[in-house]
Every structure is written in C-alpha cells, then in structure tokens.
Amino acid sequence: MIKGVHFLAIVALLSLAFSLVSTFDPSPLQDICVAIDDHKSGLQIPKNTENQVGSNVTTMNVDQILGLNTIGISLVRINYAPYGQNAVHTHPRATEILVVVEGTLLVGFVTSNPKNRLFTKIRKKGDVFVFPIDLIHVQFNAGETNVVAFAGSSSQNAGAITIVNAIFGSNPPINANVLAKAFQLDMNFIEALQKKF
Ligand SMILES: *[C@@H]1O[C@H](CO)[C@@H](O)[C@H](O)[C@H]1NC(C)=O
C-alpha cells in the first residue's frame, strides 16, 4: 500500500516536471478578425522569374490577409525558372512545410552549430518537405521545366533573411577585413561580392 502511494507520488511529480519543461508560450490568439474586403489573392498568376536567382515568391501573410492577425499561419507560392533557386535563407519566426505542385525541386536545410549537418532531398510533384524554424535552407530547380511550390508557415509573418544579402549587402556594409577573415578570402574578393549585393 505504502509502496503504491509512493509510486503515485512519483508519477505525479514526474508529470508535473514534464508539464513544466514542455510548456510553450501562451497562444497569441486574442480574437478573430474577419477581413471584410473580398481579397483577391492572385495566387493563380505566375510571377516573373527573370532575375539573378530565377525565382519569385508570392507572400500571403498578415499584410495581405488581415484576418491572419494572431492566428499564427501564412502561405507563400514560389515560382522557379529552369535552374532557378530560392537562395539560402532563414525564417526567424516560422517552421515551413513545402509541397511541390509542378516539376521537381532539390531542397535542403543545415542544422545549427557544431554539426551543421545538411539534410537534402529531391521532391517531386505532390511531395512535401519541412524546414524547421530558423535553420538555413534552400530550394533549387535542377530541371529544365518551371517549378511551382506552395509553403505554409507557422507564423502570420515568418520573416526572411537572405544570407548573401544580409552578409554582403548590408547597409552600411560590414567591414571587408572582418568578412575576409571570417570567410578566409582575399579582401578584393569580398569587395567584389559587396559590390554585387
Ligand atoms: C516578381 O514578379 C513580379 C510580377 O510578376 C515583378 O513585378 C517583380 O519584380 C518580381 N520580383 C523579382 C524579385 O523578380
């Protein structure tokens, strides 16, 4: 009997401890706000991919759909030209789940320090891939046809940091000596990169 009581007490303590360590931030949801304008998403219109990277992202977040405020989700459509890419970037506020609806896409993300492990897959029409929050990731169209993908985000405004733009295109620029040492590259090379971005 005593043993049974001890056992129950231990189970109760463990479940309390577990509930403490697995506590999330409270949901930001306050209320719903149904947007009244009949918003035309325009997601049926492919975007122009004639740029340096060969892709174009159409965002459907709280800026376009006001009713997403405090709901914690959003959506993008990405068009990729042949050999186009959505250059290495991160989303500081969201995990992303992507589904390929047209073509074939090479996708991948890199885990944090110290392992920096790359997880990569080839995803065909109908396949999905998940990019965990904050990790650097990339999508590349390695084929000769256009690719279309949609991606849902666990944020009303996922945010995006494009790595090359942040590092070589910051305003004002990061000191070229600092970048030369970090990247183990010649200063001239760094300055050329800074001019590009
Ligand atoms: C994306 O497409 C739109 C419309 O097709 C175009 O106005 C815009 O400049 C494109 N963005 C990039 C980065 O190419």
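This passage describes the overall make-up of a predicted protein model and then some of its local features.

The model is predicted, and local features were considered where pLDDT is at least 70 and side-chain atom pairs where pLDDT is 80 or more, whereas totals for chains, interfaces and linings use all residues. Residues are numbered from 1 along each chain as its sequence is written, and side-chain values rest on heavy atoms, with hydrogens and water left out.

The secondary structure comprises four helices and 10 strands, where helices (H or I, at least four residues) and strands (E, at least two) are DSSP runs numbered from the N terminus. Along the sequence these elements follow the order α-β-β-β-β-β-β-β-β-β-β-α-α-α. Of the 197 residues in the protein, 28% are buried; buried means under 20% relative accessible area, exposed over 50%, and partly exposed in between, computed with a 1.4 Å probe on protein chains only. Among the contacts (heavy atoms within 4.5 Å) with a separation of 6 or more, 70% are between residues 24 or more positions apart. The accessible surface of the protein comes to about 13200 Å², and 63% of it belongs to carbon and sulfur atoms; such areas come from the Shrake-Rupley method with a 1.4 Å probe, and for residues only the protein chains shown count as cover.

The C-alpha atoms of G159 and A94 are separated by 7.9 Å, although the two residues are 65 residues apart along the chain. When residues up to four places away in sequence are not counted, G159 touches T90, H91, P92 and R93.

Helix 4 (residues 187-196) has the buried residues I190, L193 and Q194. Seen down the helix axis, these buried residues fall within an arc of 100°, so they line one face of helix 4; the arc is that of the directions from the helix axis to the C-beta atoms. In general, an α-helix has 3.6 residues a turn, so residues three or four places apart point the same way. The face turned away from the buried side of helix 4 carries the exposed residues N188, K195 and K196, while the cover over its buried residues includes helix 2 (163-168) and helix 3 (176-183). At the N-terminal end, helix 4 is capped by D186, a side-chain oxygen of which lies 3.0 Å from the backbone nitrogen of N188.

Several backbone features fall in loops. Most residues other than glycine have a negative phi, and most peptide bonds are trans. The peptide bond joining N113 and P114, however, is cis, with omega about 0°, and P114 lies in the loop between strand 5 (105-110) and strand 6 (118-123). The bond from N171 to P172 is cis as well, with omega near 0°, and P172 is found in the loop between helix 2 and helix 3. T70, not a glycine, has a positive phi of about 70°; T70 lies in the loop between strand 1 (55-60) and strand 2 (74-80) and counts as buried at 19% relative accessibility. Q184, with a positive phi near 55°, is placed in the loop between helix 3 and helix 4 and counts as exposed at 67% relative accessibility.

Definitions and conventions. A polar contact is a pair of N or O atoms within 3.5 Å; within protein, one must be able to donate a hydrogen and the other to accept it, and residues adjacent in sequence count only if both atoms are side-chain atoms.
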